[in-house]
Structure formats: C-alpha cells, structure tokens
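This report looks at the aromatic rings in one protein model. Which rings pair up, and how are they set against each other?

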Amino acid sequence: MALTSIFYDGPVTESDRAANRAGAADYGVYGTNDFKVTAHPSIPYAVLVKAGRAHGHGVTDEAEIDQVVNCPSLASGTRWDLIVIRRNWQPELGGPSVLVPLTAGAEAVIPASRKIGPGVEDDQPIGFVRWQGGTSAPVEFIDMRTWAGNGGLFARSTKVLGYLAKVGTEVVINGVTWNYRLGTNDTPGWTSTAPLVAPIALAAGYRAFGGGYDPSLHTERMEFGRVFTEGAIGTTATSINVDKARFRYKLGDLAAGHRPPFQKILKPPASPQLGDVTVYVYPDGVMEWECTQTAVLPQGGANGFFIGLDGFSWPAA
C-alpha cells in the first residue's frame, strides 16, 4: 500500500489541519517508531520503513502499514544507502510522496543526489543503511529522523546536522544541544553545549601521573565561556630534583581559545614533600609552577611527584 499524502493539491478537512504538524519544523516524524528504517526479515537487499506519519515542508505523509524499500545488491565492498521520503509538488505528479533509496557510497554522508527543493521536489532523510558485499541483510543503521515538539527538535545522530543547517535551528542530540547560528562576519555554523576538549601540551620532563588517575590531561571549554582543567601531572624521569630556590618551572602550554584573559594563580594539591605549590597560568597559554621546599621525588607511587589540576576554572579570553 502506497503512502497517503495530505496538503498537496486537493481537499483538506479540518481534522487534517488539527492533526497536521507540518510547519513545526522543516522535517519530522510523529511517534517513536514512525518511519523507522529496520531490516526486512526475508527479502534480500530490502528494508522496512515502519508505519506512521511524517511531515516535511507543509506536507503530511502516512503509512498505514510497514513499507518495503528495495536497495541495489552489492557483490563486494561496503555501501551506505540513504532512505528518504521524496515529495513532489509539480503539477503532473503532485504527490503522493514515495520512499526512495539513494546511494551514498563508502561513507554515511548525505549524497549529492538528494533533492533539495521545497515546493518542487524535496527529499527528507530518515535513515542510513549499510550493506556488506555478499551479505543480503543490512549490517548497520543510522537513524536520521527528527522529532519536532513544543520546545524544538530532537534527533539520535549528529548526521542530521548535515540537512538541518538553517539559521535558528536548535536540536538536542544525545543530551547535547546544537544551534545553527551566525558567527564571525555573519558566517553561519553549528555550536553546541558539548565541551571543547584540548590537551595541555606538557613541557619536557612531565607526563600524566597515571596509576589509575585521569590519563587525559586537558582543558574543557564549556558553551558558557568557562574553561575547566582535569588531570594529574607526573614526571617522565626516574626521579625529579626540585629546588625551591628556583623561581618557577614551566609545566606546559594551553591551546588557543582555552587561555585566560588575565594571569591566574592556582593552589593545586601536590606531593606533600614540595610544600606549598603554586601554578601560574598566563594569557599567552604558558603554565608555570613553584614550590616552597627542596626535594628529590621518585616517579609515580604514593610518595612520587604529582600536581593535581582537577576542577580549576577561568573565563576564556
């Protein structure tokens, strides 16, 4: 049974309008399983698109039963196909919408063959499917559907960002909020609430402390413009000789965009044998440290050299 499409040419009832979600966002599906792409249990090189409703650019489509979509066979290698809902407003067709597989290639990238033309002919991505040569059943899926609600969009994969790029779009994906905004010189792009992680480039003689502690010594820049540090620093040498008479030792360098606008003074936890330890962070990204005791400390272990950097914070320059 073909799709039933409303809001092309032809009559529309008040019930149709009451149930219509087209206009809430460019694209979407209504329910959790609506138009979900799954494996077909018996037909080779075919997938099932689950029954339900979907909307795009003013048109609502309904599948009363699961729909079969046949994909080309594959003798060898790997191929991704993108399953789309194709809508056609042209007078000679004017709907109903149809389900079409588009060949994407070796990677799950929205292909150039996808039609983009609301009001003329337009494709709504709903799912990637991966085929392996010699295997007639799909081996992997990527959900490309979106759900439009009162507060914005929800999706399961960041792949959807490839077709949602319109200024003002906001979508939540795996707990992270993505926004398509105007940036420098009014250039549009995606920003997110996910932290931007950058490693601290340690100076010679230092490494992550290890021993079950955070192995990744880094900074995280959050969306609200603050930088947080994580990790514990140890030494690469068998032992380290520290002289309190020396003013400051260089620890490393911070990545651009993670540096403070002004010098910061930190009082981190450190090996007790070092006495009072102070870490200095400069606007050029350089990190230095000093202590109040002279000591020779071994590498690692309970009595070894360490400086902890968990939880320090400053505004990004």
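Tyrosine 163 is buried, with a relative accessible area of 8%. The model is predicted. Burial here means under 20% relative accessible area, so tyrosine 163 qualifies.

Its partner is tyrosine 27. The two ring centres lie 5.6 Å apart. The planes meet at 70°, and over 60 degrees counts as edge-to-face, so this pair is edge-to-face. Tyrosine 27 is buried too, at 4% relative accessible area.

The pair connects distant parts of the chain. Tyrosine 27 belongs to strand E2 (residues 27-29). Tyrosine 163 sits in the loop between strand E13 (152-155) and strand E14 (170-173). The two residues are 136 residues apart.

A second pair joins tryptophan 147 and phenylalanine 154. Their centres are 5.8 Å apart. The planes stand at 55°, so the pair is tilted. Tryptophan 147 is buried, with a relative accessible area of 13%. Phenylalanine 154 is partly exposed, at 37% relative accessibility.

The two pairs side by side:

| Pair | Centre distance | Plane angle | Class |
|---|---|---|---|
| Tyrosine 27 and tyrosine 163 | 5.6 Å | 70° | edge-to-face |
| Tryptophan 147 and phenylalanine 154 | 5.8 Å | 55° | tilted |

How many aromatic pairs does the model hold? The count is 9 aromatic pairs. Ring pairs also build a cluster, made of Tyr206, Tyr249, Trp289 and Phe305.

One charged side chain meets a ring as well. Arginine 248 lies over the face of tyrosine 280, 3.4 Å from the ring centre.

Terms used:
Residues are numbered from 1 along each chain as its sequence is written. This is a predicted model: local features need pLDDT of at least 70, side-chain atom pairs count only at pLDDT 80 or more; totals for chains, interfaces and linings use all residues. Side-chain values use heavy atoms; hydrogens and water are left out. Rings of Phe, Tyr and Trp (its six-membered ring) pair if their centres lie within 6.5 Å; planes under 30 degrees apart count as stacked, over 60 as edge-to-face and the rest as tilted. Helices (H or I, at least four residues) and strands (E, at least two) are DSSP runs, numbered from the N terminus. Buried means under 20% relative accessible area, exposed over 50%, partly exposed in between (1.4 Å probe, protein chains only). A charge sits over a ring if NZ of Lys or CZ of Arg is within 6 Å of the ring centre and within 35 degrees of the ring normal.
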